[in-house]
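User: I have a new structure to go through. Keep it plain, please.

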Amino acid sequence: MTGIFCNFDIDFKKMESLFKISGEKIECLLCPHFCKIAKGKTGICGVRKNAGDKIDLITYGVISGYSLDPVEKKPLYHFFPGQNILSVGSYGCNMRCDFCQNCNISQHVPDRLIADTTPEKLVLDAHSADKNIGLAFTYNEPSIWFEFIRDTAIIAKDEGLSTVMVSNGYINPDPLNELTRVIDAFNIDLKAFNNIFYKKLTGAEMEPVKSSLKQIAESGKHLEITTLIIPGQNDDDKEMELQSKWIASELGKGVPLHLSRFFPRYHRTDPSTPQDTLSRLYSIAAQNLDYVYVGNSNSDTGQNTSCPVCSTIITIRTGYQVKLLNLNAKGRCINCGTLIYKNFTP
Ligand code: SF4
Ligand code: SF4
């Protein structure tokens with residue numbers, strides 16, 4: 001590590017005012033909930049606390065999980081395929097998904113929190129990890145960990161590491177704008193393409209998530225999308241047609257979409273998603289998008305990458321194992337020259 005020197009022109013003063021004092025309460029401006037928090041209490045996410053004259057992030061430096069993962073596990077299939085990324089999460093979430101796969105850390109913030117790390121230490125750890133491209137903020141909802149992610153990502157970028165966020169996208173435009181300056185790649189959940197689902201199953205609204213997706217696409221940062229398919233809730237053919245057409249027209253048909261298989265978790269006890277449903281929705285989305293994948297599943301559908309122009313097979317995936325084929329050193333299809341992986345280590 002060459003020292004903590006920041007080349008990024010971030011307006012810290014502006015970002016320190018991610019809140020507004022109104023009488024005894026403080027309004028948090030980080031996400032579209034705009035919680036008005038009483039003194040000594042936290043907002044919906046459970047980690048942003050009214051400390052009298054400001055909001056404190058009580059999980060700054062507090063880690064719930066830490067693992068060197070294949071980048072495919074995020075999932076990101078078009079960002080340095082075949083490499084690892086040091087992945088880290090904390091506690092809390094600003095959504096209340098009744099199907100949460102990580103409810104033990106997202107819906108529960110321990111009473112006693114111990115800061116295990118610092119931005120500097122995490123960056124040092126990332127440097128010493130094997131075949132590692134950088135740092136991913138994931139597991140619980142990272143956007144509510146804003147200050148810690150911002151501080152860490154600034155140093156990571158200065159040190160030549162890549163930065164990733166796996167998020168529900170429920171964040172206001174100003175803080176997201178700051179994150180797009182220091183985060184290289186995002187996987188954002190688009191949990192359904194109907195607001196009734198969002199209101200009923202997540203406790204949030206869909207429109208701010210769509211706005212975040214557009215903002216990230218416009219920023220030019222790498223973007224992939226995940227939709228967990230829950231039987232009877234978001235597995236309608238028409239809805240997938242509308243969703244994939246919207247992604248193509250508003251974000252670009254080259255944005256990868258991951259359709260992920262649901263397994264019963266937390267409050268939801270429905271059976272897991274049938275393979276037929278995933279295959280059917282895959283076929284619909286693939287009519288509108290260049291790259292559609294099926295995740296959490298051992299079916300053959302939606303595992304590999306083919307060139308969208310000449311159909312040459314580019315990548316074969318078996319679980320998180322990746323076999324890269326027919327690519328030149330710049331991540332282009334060797335047959336027709338189409339750019340497949342902008343971010344690529346030959
Ligand atoms: S980040 Fe947390 S405290 Fe702030 S508005 Fe969102 S849920 Fe409320
Ligand atoms: S947004 Fe993600 S972490 Fe938060 S409750 Fe929903 S599934 Fe869990």
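Analyst: Residue classes come first: Ala, Val, Leu, Ile, Met, Phe, Trp, Tyr, Cys and Pro count as nonpolar, Asp, Glu, Lys and Arg as charged, and the others, Gly among them, as polar. This is a predicted model, where local features need pLDDT of at least 70, side-chain atom pairs count only at pLDDT 80 or more, and totals for chains, interfaces and linings use all residues. Residues are numbered from 1 along each chain as its sequence is written, chains are lettered from A and ligands numbered from 1 in the order in which they are written, and side-chain values use heavy atoms, without hydrogens and water.

User: How is the lining of the second largest pocket split by class?

Analyst: Eleven of its residues are nonpolar, seven polar and four charged. A pocket is an open set of points on a 1 Å grid over the protein atoms alone, with protein on both sides within 12 Å along at least five of seven lines; a cavity is a set where a 1.4 Å probe fits but cannot get out; lining residues have an atom within 4 Å of a point.

User: How much space lies in that second largest pocket, and which residues lie nearest its centre?

Analyst: About 430 Å³. The lining has 22 residues, and K221, H222, L223, K342 and N343 lie nearest the centre. Volume here is the space filled by probe spheres set on the points, which are joined across faces, edges and corners.

User: And the largest pocket?

Analyst: That one holds about 1,100 Å³. It is lined by 39 residues, with K74, P75, Q101, N102 and V166 closest to its centre. By class, 13 are nonpolar, 18 polar and eight charged.

User: Which ligand takes that space?

Analyst: Ligand 2. A molecule sits in a pocket or cavity if more than half of its atoms lie within 2 Å of its grid points. Around ligand 2 are C93, M95, C97, C100, S106, Q107, N168 and K191; near means a heavy atom within 4 Å. Four of this shell are nonpolar, three polar and one charged.

User: Where does ligand 1 sit?

Analyst: In the largest cavity. About 80 Å³ of space lies there. The lining has 13 residues, and C28, C31, C35, C45 and R48 lie nearest the centre. The shell around ligand 1 includes C28, L30, H33, F34 and N94. That shell has eight nonpolar, three polar and one charged residues.

User: New topic. How many aromatic pairs does the structure hold?

Analyst: Nine. Rings of Phe, Tyr and Trp (its six-membered ring) pair if their centres lie within 6.5 Å; planes under 30 degrees apart count as stacked, over 60 as edge-to-face and the rest as tilted. Take Y60 and F148: their centres are 5.1 Å apart and their planes at 90°, so this pair is edge-to-face.

User: Which parts of the chain does that pair link?

Analyst: Distant ones, 88 residues apart: Y60 is in the loop between β5 (55-57) and β6 (65-70), and F148 is in helix α4 (residues 146-158). Helices (H or I, at least four residues) and strands (E, at least two) are DSSP runs, numbered from the N terminus.

User: Is F148 buried or exposed?

Analyst: F148 is buried, at 0% relative accessible area. Buried means under 20%, exposed over 50%, partly exposed in between (1.4 Å probe, protein chains only). Y60, at 30%, is partly exposed. F148 also pairs with W145: centres 4.6 Å apart, planes at 35°, so the pair is tilted. W145 is buried at 2%.

User: Which residues do the ring pairs link into a cluster?

Analyst: Y60, F137, W145 and F148.
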